[in-house]
Amino acid sequence: MKIKDKVASGLGSVLEWYDFSLYGFFAPLLAQLYFPSAEPAIGLLKTFSVFAVGFFARPIGALIFGYISDKYGRTVSLKLTPLLITCPTLLFCFLPTYQQIGILSPLFLIFLRVWQGLCIGGEYANNIVYLCETTKRKHLYFIGSIGSCTGSLGILFASIIAALWYAIFTPQNMSAWGWRLAFSISLIIGITAFLMRRNMEETSVFHDVQQITFVRNPIYDSCKHQWKDYLLSFGLTFLPATAFYYIFMFLPNFLSGILHYNSSKILGDNSLSLLIRLFIIPIIGFLADRIGGIKIARLSCMLFILLSVPLFYSILYSSTFSVISIYIFALLTTLNAATTPGLLVEILKPETRCTIFSFTFNVCFGIFGGITPVISFLLVDKIGSKMAPIYYLVFAAFVTFIATFFFNKRMVKHEK
(Lines give C-alpha, C1' and ligand atoms only; values in the text may rest on other atoms or scores of the structure.)
Protein backbone atom coordinates (compact mmCIF):
# COMPACT_ATOMS: atom_id res chain seq x y z
CA MET A 1 0.00 0.00 0.00
CA LYS A 2 1.32 3.43 -0.92
CA ILE A 3 2.69 5.60 1.88
CA LYS A 4 0.78 8.51 0.31
CA ASP A 5 -2.52 6.73 0.95
CA LYS A 6 -1.65 6.20 4.60
CA VAL A 7 -0.69 9.86 5.01
CA ALA A 8 -3.89 10.93 3.27
CA SER A 9 -5.94 8.71 5.58
CA GLY A 10 -4.31 10.14 8.71
CA LEU A 11 -4.57 13.73 7.49
CA GLY A 12 -8.36 13.53 7.55
CA SER A 13 -8.35 12.71 11.26
CA VAL A 14 -6.05 15.65 11.95
CA LEU A 15 -8.61 17.81 10.14
CA GLU A 16 -11.62 16.57 12.12
CA TRP A 17 -10.00 16.98 15.53
CA TYR A 18 -8.49 20.37 14.67
CA ASP A 19 -11.83 21.74 13.58
CA PHE A 20 -13.78 20.19 16.43
CA SER A 21 -11.31 21.24 19.15
CA LEU A 22 -10.87 24.78 17.86
CA TYR A 23 -14.53 25.43 18.57
CA GLY A 24 -13.91 24.55 22.22
CA PHE A 25 -10.83 26.77 22.48
CA PHE A 26 -12.75 29.73 21.00
CA ALA A 27 -15.91 29.05 23.04
CA PRO A 28 -15.77 32.26 25.16
CA LEU A 29 -15.44 34.39 22.01
CA LEU A 30 -18.16 32.49 20.13
CA ALA A 31 -20.46 32.89 23.15
CA GLN A 32 -20.23 36.67 22.80
CA LEU A 33 -20.90 36.55 19.06
CA TYR A 34 -23.69 33.98 18.84
CA PHE A 35 -25.15 33.72 22.34
CA PRO A 36 -24.90 37.24 23.83
CA SER A 37 -26.16 37.42 27.40
CA ALA A 38 -25.98 39.74 30.37
CA GLU A 39 -24.63 36.73 32.25
CA PRO A 40 -21.42 35.51 30.54
CA ALA A 41 -21.82 32.07 32.12
CA ILE A 42 -25.19 31.64 30.39
CA GLY A 43 -23.72 32.41 26.97
CA LEU A 44 -20.83 30.04 27.63
CA LEU A 45 -23.22 27.30 28.72
CA LYS A 46 -25.22 27.68 25.49
CA THR A 47 -22.03 27.59 23.43
CA PHE A 48 -20.85 24.37 25.06
CA SER A 49 -24.35 22.92 24.68
CA VAL A 50 -23.98 23.34 20.93
CA PHE A 51 -20.54 21.73 21.27
CA ALA A 52 -22.22 18.78 23.01
CA VAL A 53 -24.82 18.48 20.22
CA GLY A 54 -21.95 17.75 17.84
CA PHE A 55 -20.79 14.95 20.14
CA PHE A 56 -24.23 13.35 20.24
CA ALA A 57 -24.43 13.44 16.43
CA ARG A 58 -21.23 11.43 16.08
CA PRO A 59 -22.67 7.95 16.80
CA ILE A 60 -25.32 8.50 14.12
CA GLY A 61 -22.63 9.49 11.64
CA ALA A 62 -20.61 6.46 12.75
CA LEU A 63 -23.44 4.12 11.73
CA ILE A 64 -23.95 5.88 8.39
CA PHE A 65 -20.29 5.93 7.34
CA GLY A 66 -19.51 2.60 9.00
CA TYR A 67 -22.28 1.10 6.85
CA ILE A 68 -20.81 2.73 3.72
CA SER A 69 -17.31 1.43 4.55
CA ASP A 70 -18.47 -2.14 5.16
CA LYS A 71 -20.89 -2.22 2.24
CA TYR A 72 -19.12 -0.24 -0.50
CA GLY A 73 -15.50 0.06 0.61
CA ARG A 74 -13.26 1.83 3.12
CA THR A 75 -12.06 4.32 0.52
CA VAL A 76 -15.60 5.31 -0.52
CA SER A 77 -16.24 6.65 2.98
CA LEU A 78 -12.79 8.18 3.36
CA LYS A 79 -13.10 10.05 0.06
CA LEU A 80 -16.39 11.60 1.14
CA THR A 81 -15.66 12.76 4.68
CA PRO A 82 -12.96 15.44 4.06
CA LEU A 83 -15.28 17.43 1.80
CA LEU A 84 -18.30 16.83 4.02
CA ILE A 85 -16.38 18.09 7.07
CA THR A 86 -14.93 21.04 5.14
CA CYS A 87 -18.29 22.29 3.83
CA PRO A 88 -19.80 23.23 7.23
CA THR A 89 -16.48 24.80 8.21
CA LEU A 90 -16.55 26.97 5.10
CA LEU A 91 -20.11 28.07 5.88
CA PHE A 92 -19.15 28.70 9.51
CA CYS A 93 -16.35 31.05 8.41
CA PHE A 94 -18.99 33.29 6.82
CA LEU A 95 -21.79 32.81 9.35
CA PRO A 96 -23.30 36.18 10.41
CA THR A 97 -23.37 36.91 14.13
CA TYR A 98 -26.38 37.30 16.42
CA GLN A 99 -26.12 41.07 16.12
CA GLN A 100 -26.45 40.79 12.34
CA ILE A 101 -29.28 38.27 11.83
CA GLY A 102 -30.59 37.60 15.33
CA ILE A 103 -31.87 34.17 16.39
CA LEU A 104 -31.08 32.67 12.98
CA SER A 105 -27.33 32.78 13.71
CA PRO A 106 -27.37 30.31 16.63
CA LEU A 107 -29.87 28.10 14.75
CA PHE A 108 -27.54 27.94 11.74
CA LEU A 109 -24.64 27.28 14.10
CA ILE A 110 -26.45 24.28 15.62
CA PHE A 111 -27.18 22.94 12.14
CA LEU A 112 -23.53 23.22 11.11
CA ARG A 113 -22.30 21.52 14.30
CA VAL A 114 -24.73 18.61 13.81
CA TRP A 115 -23.58 18.29 10.18
CA GLN A 116 -19.98 18.32 11.29
CA GLY A 117 -20.59 15.82 14.10
CA LEU A 118 -22.24 13.38 11.68
CA CYS A 119 -19.26 13.51 9.32
CA ILE A 120 -16.66 13.28 12.08
CA GLY A 121 -18.38 10.16 13.38
CA GLY A 122 -17.42 8.42 10.15
CA GLU A 123 -13.85 9.69 9.81
CA TYR A 124 -11.66 8.75 12.77
CA ALA A 125 -12.56 5.07 13.26
CA ASN A 126 -12.67 4.35 9.52
CA ASN A 127 -9.25 5.94 9.19
CA ILE A 128 -7.86 3.59 11.84
CA VAL A 129 -9.46 0.55 10.19
CA TYR A 130 -7.99 1.57 6.83
CA LEU A 131 -4.51 2.02 8.29
CA CYS A 132 -4.66 -1.32 10.12
CA GLU A 133 -6.01 -3.23 7.11
CA THR A 134 -3.25 -1.90 4.85
CA THR A 135 -0.40 -3.10 7.03
CA LYS A 136 1.02 -6.49 7.94
CA ARG A 137 -0.43 -8.16 11.01
CA LYS A 138 2.92 -8.04 12.79
CA HIS A 139 2.76 -4.21 12.65
CA LEU A 140 -0.93 -3.95 13.55
CA TYR A 141 -0.58 -2.22 16.93
CA PHE A 142 2.15 0.13 15.77
CA ILE A 143 0.16 1.44 12.79
CA GLY A 144 -2.99 1.54 14.96
CA SER A 145 -1.12 3.70 17.45
CA ILE A 146 -0.12 6.05 14.62
CA GLY A 147 -3.80 6.36 13.75
CA SER A 148 -4.52 7.15 17.38
CA CYS A 149 -1.89 9.91 17.30
CA THR A 150 -3.65 11.74 14.47
CA GLY A 151 -6.45 12.79 16.82
CA SER A 152 -4.02 14.12 19.44
CA LEU A 153 -2.08 15.92 16.70
CA GLY A 154 -5.25 17.70 15.56
CA ILE A 155 -6.08 18.77 19.13
CA LEU A 156 -2.51 19.95 19.71
CA PHE A 157 -2.51 21.90 16.44
CA ALA A 158 -5.78 23.59 17.41
CA SER A 159 -4.35 24.44 20.84
CA ILE A 160 -1.23 26.00 19.29
CA ILE A 161 -3.24 28.02 16.75
CA ALA A 162 -5.61 29.28 19.45
CA ALA A 163 -2.70 30.34 21.66
CA LEU A 164 -0.96 32.11 18.76
CA TRP A 165 -4.12 33.86 17.65
CA TYR A 166 -4.85 35.22 21.14
CA ALA A 167 -1.27 36.44 21.34
CA ILE A 168 -1.12 38.00 17.86
CA PHE A 169 -4.53 39.60 17.36
CA THR A 170 -6.19 42.33 19.38
CA PRO A 171 -9.56 41.45 20.98
CA GLN A 172 -11.29 43.62 18.37
CA ASN A 173 -9.62 41.86 15.43
CA MET A 174 -10.21 38.45 16.95
CA SER A 175 -13.90 39.18 17.33
CA ALA A 176 -14.22 40.71 13.86
CA TRP A 177 -12.33 38.24 11.66
CA GLY A 178 -9.43 36.59 13.51
CA TRP A 179 -11.35 33.52 14.64
CA ARG A 180 -12.71 33.03 11.11
CA LEU A 181 -9.15 32.98 9.78
CA ALA A 182 -8.24 30.24 12.28
CA PHE A 183 -11.13 28.07 11.11
CA SER A 184 -10.24 28.70 7.47
CA ILE A 185 -6.98 26.79 8.00
CA SER A 186 -9.07 23.61 8.17
CA LEU A 187 -10.23 24.33 4.61
CA ILE A 188 -6.63 23.95 3.44
CA ILE A 189 -6.25 20.68 5.36
CA GLY A 190 -9.58 19.36 4.08
CA ILE A 191 -8.91 20.13 0.42
CA THR A 192 -5.42 18.64 0.69
CA ALA A 193 -6.81 15.45 2.27
CA PHE A 194 -9.49 15.20 -0.43
CA LEU A 195 -6.98 15.60 -3.27
CA MET A 196 -4.62 13.06 -1.72
CA ARG A 197 -7.45 10.56 -1.19
CA ARG A 198 -8.96 10.78 -4.69
CA ASN A 199 -6.99 7.80 -6.02
CA MET A 200 -6.29 5.91 -2.80
CA GLU A 201 -6.31 2.13 -3.11
CA GLU A 202 -8.94 -0.04 -1.48
CA THR A 203 -7.76 -2.47 1.20
CA SER A 204 -7.13 -6.08 0.17
CA VAL A 205 -9.12 -7.13 3.26
CA PHE A 206 -12.27 -5.51 1.86
CA HIS A 207 -11.72 -7.04 -1.60
CA ASP A 208 -11.26 -10.50 -0.08
CA VAL A 209 -14.23 -10.30 2.25
CA GLN A 210 -16.46 -9.24 -0.65
CA GLN A 211 -15.58 -12.48 -2.43
CA ILE A 212 -16.07 -14.68 0.63
CA THR A 213 -18.94 -13.12 2.60
CA PHE A 214 -21.88 -11.00 1.49
CA VAL A 215 -23.58 -8.86 4.12
CA ARG A 216 -26.72 -7.16 2.88
CA ASN A 217 -26.99 -4.73 5.80
CA PRO A 218 -23.93 -4.38 8.09
CA ILE A 219 -25.94 -2.52 10.78
CA TYR A 220 -28.75 -5.07 10.97
CA ASP A 221 -26.44 -8.06 10.68
CA SER A 222 -24.03 -6.84 13.34
CA CYS A 223 -26.82 -5.98 15.80
CA LYS A 224 -28.50 -9.35 15.31
CA HIS A 225 -25.48 -11.66 15.29
CA GLN A 226 -22.63 -9.74 16.89
CA TRP A 227 -24.11 -7.97 19.93
CA LYS A 228 -21.38 -9.55 22.06
CA ASP A 229 -18.79 -7.81 19.89
CA TYR A 230 -20.56 -4.51 20.54
CA LEU A 231 -20.43 -5.10 24.31
CA LEU A 232 -16.77 -6.13 24.23
CA SER A 233 -15.84 -3.12 22.09
CA PHE A 234 -17.69 -0.83 24.52
CA GLY A 235 -15.84 -2.40 27.43
CA LEU A 236 -12.39 -2.11 25.86
CA THR A 237 -12.98 1.53 24.87
CA PHE A 238 -14.64 2.75 28.09
CA LEU A 239 -11.43 3.42 30.06
CA PRO A 240 -9.53 5.07 27.16
CA ALA A 241 -12.43 7.47 26.56
CA THR A 242 -13.02 8.24 30.23
CA ALA A 243 -9.33 8.65 31.04
CA PHE A 244 -8.67 11.00 28.11
CA TYR A 245 -11.49 13.40 28.94
CA TYR A 246 -10.85 13.11 32.68
CA ILE A 247 -7.17 13.96 32.45
CA PHE A 248 -7.09 16.40 29.54
CA MET A 249 -10.49 18.09 29.89
CA PHE A 250 -11.75 17.76 33.46
CA LEU A 251 -8.47 17.96 35.35
CA PRO A 252 -7.26 21.32 33.93
CA ASN A 253 -10.65 22.93 34.65
CA PHE A 254 -10.77 21.34 38.10
CA LEU A 255 -7.29 22.59 38.97
CA SER A 256 -7.95 26.14 37.79
CA GLY A 257 -11.61 26.45 38.81
CA ILE A 258 -11.72 24.53 42.11
CA LEU A 259 -8.12 24.50 43.34
CA HIS A 260 -7.28 27.92 41.82
CA TYR A 261 -4.06 26.85 40.11
CA ASN A 262 -2.56 29.23 37.57
CA SER A 263 -4.60 28.75 34.36
CA SER A 264 -1.75 29.58 32.00
CA LYS A 265 0.55 27.10 33.73
CA ILE A 266 -2.10 24.37 33.69
CA LEU A 267 -2.84 24.83 29.98
CA GLY A 268 0.88 24.85 29.26
CA ASP A 269 1.37 21.55 31.10
CA ASN A 270 -1.69 20.16 29.32
CA SER A 271 -0.31 21.03 25.88
CA LEU A 272 3.12 19.68 26.75
CA SER A 273 1.68 16.38 27.95
CA LEU A 274 -0.29 16.06 24.69
CA LEU A 275 2.93 16.64 22.76
CA ILE A 276 4.83 14.04 24.79
CA ARG A 277 2.06 11.51 24.14
CA LEU A 278 2.65 11.81 20.39
CA PHE A 279 6.16 10.41 20.81
CA ILE A 280 5.36 7.74 23.40
CA ILE A 281 2.23 6.20 21.87
CA PRO A 282 4.01 4.75 18.78
CA ILE A 283 6.70 3.27 21.03
CA ILE A 284 4.02 1.51 23.09
CA GLY A 285 2.38 0.34 19.85
CA PHE A 286 5.70 -1.10 18.67
CA LEU A 287 6.08 -2.91 21.99
CA ALA A 288 2.50 -4.22 21.80
CA ASP A 289 3.30 -5.96 18.51
CA ARG A 290 6.07 -7.84 20.36
CA ILE A 291 4.35 -8.86 23.58
CA GLY A 292 0.65 -8.53 22.77
CA GLY A 293 -1.71 -5.58 23.00
CA ILE A 294 -4.04 -7.20 25.50
CA LYS A 295 -1.23 -7.52 28.06
CA ILE A 296 -0.48 -3.79 27.86
CA ALA A 297 -4.20 -2.90 27.98
CA ARG A 298 -4.64 -5.04 31.08
CA LEU A 299 -1.55 -3.50 32.68
CA SER A 300 -3.00 -0.06 32.00
CA CYS A 301 -6.21 -0.97 33.82
CA MET A 302 -4.28 -2.29 36.80
CA LEU A 303 -2.15 0.84 37.00
CA PHE A 304 -5.21 3.09 36.88
CA ILE A 305 -6.90 1.03 39.60
CA LEU A 306 -3.84 1.09 41.85
CA LEU A 307 -2.43 4.56 41.22
CA SER A 308 -5.42 6.83 40.50
CA VAL A 309 -6.36 7.53 44.11
CA PRO A 310 -2.83 8.24 45.42
CA LEU A 311 -1.98 10.33 42.34
CA PHE A 312 -5.14 12.40 42.64
CA TYR A 313 -4.57 12.77 46.39
CA SER A 314 -1.09 14.15 45.76
CA ILE A 315 -2.54 16.63 43.24
CA LEU A 316 -4.99 17.86 45.87
CA TYR A 317 -2.75 17.97 48.91
CA SER A 318 0.90 17.95 47.83
CA SER A 319 2.14 20.92 45.84
CA THR A 320 5.55 19.25 45.54
CA PHE A 321 4.31 16.18 43.67
CA SER A 322 1.18 17.58 41.98
CA VAL A 323 2.82 18.38 38.63
CA ILE A 324 4.60 15.01 38.60
CA SER A 325 1.29 13.26 39.27
CA ILE A 326 -0.39 15.11 36.40
CA TYR A 327 2.29 13.93 33.98
CA ILE A 328 2.09 10.36 35.29
CA PHE A 329 -1.66 10.42 34.62
CA ALA A 330 -0.96 11.62 31.07
CA LEU A 331 1.61 8.86 30.54
CA LEU A 332 -0.86 6.21 31.69
CA THR A 333 -3.23 7.20 28.89
CA THR A 334 -0.59 6.29 26.29
CA LEU A 335 -0.98 2.59 27.12
CA ASN A 336 -4.65 2.59 26.09
CA ALA A 337 -4.23 4.96 23.15
CA ALA A 338 -1.57 2.70 21.65
CA THR A 339 -3.43 -0.60 22.04
CA THR A 340 -7.19 0.05 21.73
CA PRO A 341 -7.23 0.46 17.89
CA GLY A 342 -5.38 -2.83 17.39
CA LEU A 343 -7.54 -4.67 19.91
CA LEU A 344 -10.76 -3.62 18.18
CA VAL A 345 -9.45 -4.54 14.75
CA GLU A 346 -8.42 -7.98 16.03
CA ILE A 347 -11.75 -8.89 17.62
CA LEU A 348 -14.11 -7.60 14.90
CA LYS A 349 -15.09 -9.42 11.72
CA PRO A 350 -13.94 -7.48 8.64
CA GLU A 351 -17.39 -7.61 7.02
CA THR A 352 -18.90 -5.46 9.84
CA ARG A 353 -15.70 -4.06 11.35
CA CYS A 354 -16.19 -0.40 10.43
CA THR A 355 -19.81 -0.33 11.62
CA ILE A 356 -19.10 -1.77 15.08
CA PHE A 357 -15.76 0.01 15.51
CA SER A 358 -17.15 3.42 14.48
CA PHE A 359 -20.31 3.18 16.57
CA THR A 360 -18.77 1.88 19.81
CA PHE A 361 -15.79 4.21 19.55
CA ASN A 362 -17.94 7.29 18.98
CA VAL A 363 -20.44 6.39 21.70
CA CYS A 364 -17.63 5.92 24.22
CA PHE A 365 -15.58 8.96 23.20
CA GLY A 366 -18.39 11.16 21.95
CA ILE A 367 -20.94 10.57 24.72
CA PHE A 368 -19.55 8.70 27.73
CA GLY A 369 -16.14 10.33 27.42
CA GLY A 370 -17.64 13.72 26.61
CA ILE A 371 -19.81 13.74 29.75
CA THR A 372 -16.93 12.69 32.02
CA PRO A 373 -16.15 16.31 33.07
CA VAL A 374 -19.85 16.88 33.83
CA ILE A 375 -20.11 13.71 35.93
CA SER A 376 -16.89 14.55 37.75
CA PHE A 377 -18.01 18.06 38.68
CA LEU A 378 -21.41 16.71 39.76
CA LEU A 379 -19.69 14.24 42.08
CA VAL A 380 -17.76 17.10 43.69
CA ASP A 381 -20.95 19.11 44.09
CA LYS A 382 -23.31 16.37 45.31
CA ILE A 383 -20.94 14.36 47.50
CA GLY A 384 -19.04 17.40 48.76
CA SER A 385 -15.65 15.74 48.49
CA LYS A 386 -12.85 16.82 46.18
CA MET A 387 -11.70 13.19 46.03
CA ALA A 388 -15.05 11.95 44.70
CA PRO A 389 -14.34 12.30 40.93
CA ILE A 390 -11.36 9.95 40.98
CA TYR A 391 -13.56 7.00 41.85
CA TYR A 392 -15.38 7.37 38.52
CA LEU A 393 -12.04 6.91 36.76
CA VAL A 394 -11.31 3.85 38.91
CA PHE A 395 -14.76 2.48 38.00
CA ALA A 396 -13.96 2.90 34.29
CA ALA A 397 -10.67 1.04 34.81
CA PHE A 398 -12.55 -1.88 36.44
CA VAL A 399 -14.99 -2.05 33.50
CA THR A 400 -12.22 -2.27 30.90
CA PHE A 401 -10.16 -4.61 33.10
CA ILE A 402 -13.07 -7.08 33.14
CA ALA A 403 -13.51 -6.69 29.37
CA THR A 404 -9.89 -7.67 28.73
CA PHE A 405 -10.62 -11.18 30.00
CA PHE A 406 -13.22 -11.66 27.26
CA PHE A 407 -10.75 -10.68 24.56
CA ASN A 408 -10.33 -13.40 21.95
CA LYS A 409 -8.69 -12.14 18.80
CA ARG A 410 -10.32 -13.27 15.60
CA MET A 411 -7.75 -14.79 13.24
CA VAL A 412 -9.32 -14.44 9.78
CA LYS A 413 -7.72 -16.55 7.06
CA HIS A 414 -7.77 -13.85 4.40
CA GLU A 415 -5.98 -11.34 6.64
CA LYS A 416 -2.22 -11.66 6.47
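## Basis of the model

The structure is a predicted model, in which local features need pLDDT of at least 70 and side-chain atom pairs count only at pLDDT 80 or more, while totals for chains, interfaces and linings use all residues. Residues are numbered from 1 along each chain as its sequence is written, and side-chain values use heavy atoms, with hydrogens and water left out.

## Salt bridges

The structure holds five salt bridges, a salt bridge being a side-chain nitrogen of Lys or Arg within 4 Å of a carboxyl oxygen of Asp or Glu. Side chains of opposite charge can pair when their charged atoms come close.

D70, R74, E133 and R353 are linked in a network of salt bridges.

## The pair R137 and E346

A further salt bridge joins R137 to E346, with 3.4 Å between the closest N and O atoms. R137 lies in the loop between α7 and α8 and E346 in helix α15, so this pair ties together parts that are 209 residues apart in sequence. The two partners can be described by their accessibility: R137 is partly exposed, with a relative accessible area of 22%, whereas E346 counts as buried at 6% relative accessibility.

A search of the whole structure finds three cavities of 30 Å³ or more. On a 1 Å grid over the protein atoms alone, a cavity is a set of points where a 1.4 Å probe fits but cannot get out, and lining residues have an atom within 4 Å of a point; grid points are joined across faces, edges and corners, and a volume is the space filled by probe spheres set on the points. The largest cavity holds about 220 Å³ of space. It is lined by 17 residues, of which Y124, S148, F244, F361 and F365 are the closest to its centre. The elements that give two or more residues to this lining are α7 (124-133), α8, α12 (227-257), α15 (322-347) and α16 (353-368), and α15 gives the most, with five residues.

S148 has its place in helix α8 (residues 140-168) and is buried, with a relative accessible area of 10%. Not counting residues up to four places away in sequence, S148 touches Y124, I128, A337 and P341, contact meaning heavy atoms within 4.5 Å. S148 and Y67 are 81 residues apart in sequence and 22 Å apart in space, C-alpha to C-alpha.

## A nonpolar surface patch

On the surface, V53, Y98, I101, I103, L104, L107, F108 and I110 form a nonpolar patch with about 660 Å² of accessible area together. Patches are made of residues with over 30% relative accessible area and no salt bridge, and nonpolar side chains (Val, Leu, Ile, Met, Phe, Trp, Tyr) are joined within 5 Å; accessible areas come from the Shrake-Rupley method with a 1.4 Å probe, and for residues only the protein chains shown count as cover. The elements that give two or more residues to the patch are α5 (98-101) and α6 (104-121), and the largest share, four residues, comes from α6. Y98 lies in helix α5 and counts as partly exposed at 34% relative accessibility.

## Two further residues

F401 has its place in helix α18 (residues 390-404) and, leaving aside neighbours within four places in sequence, is in contact with R298, C301, M302 and I305. K265 lies in helix α13 (residues 263-291) and counts as partly exposed at 42% relative accessibility.

Methods
Patch = residues over 30% accessible without salt bridge, like charges linked within 9 Å, V, L, I, M, F, W, Y side chains within 5 Å. Buried < 20%, exposed > 50% of the residue type's maximum accessible area, 1.4 Å probe, protein only. 1 Å grid on protein atoms, 1.4 Å probe; cavity = no way out; pocket = protein on both sides within 12 Å on 5 of 7 lines; lining within 4 Å.
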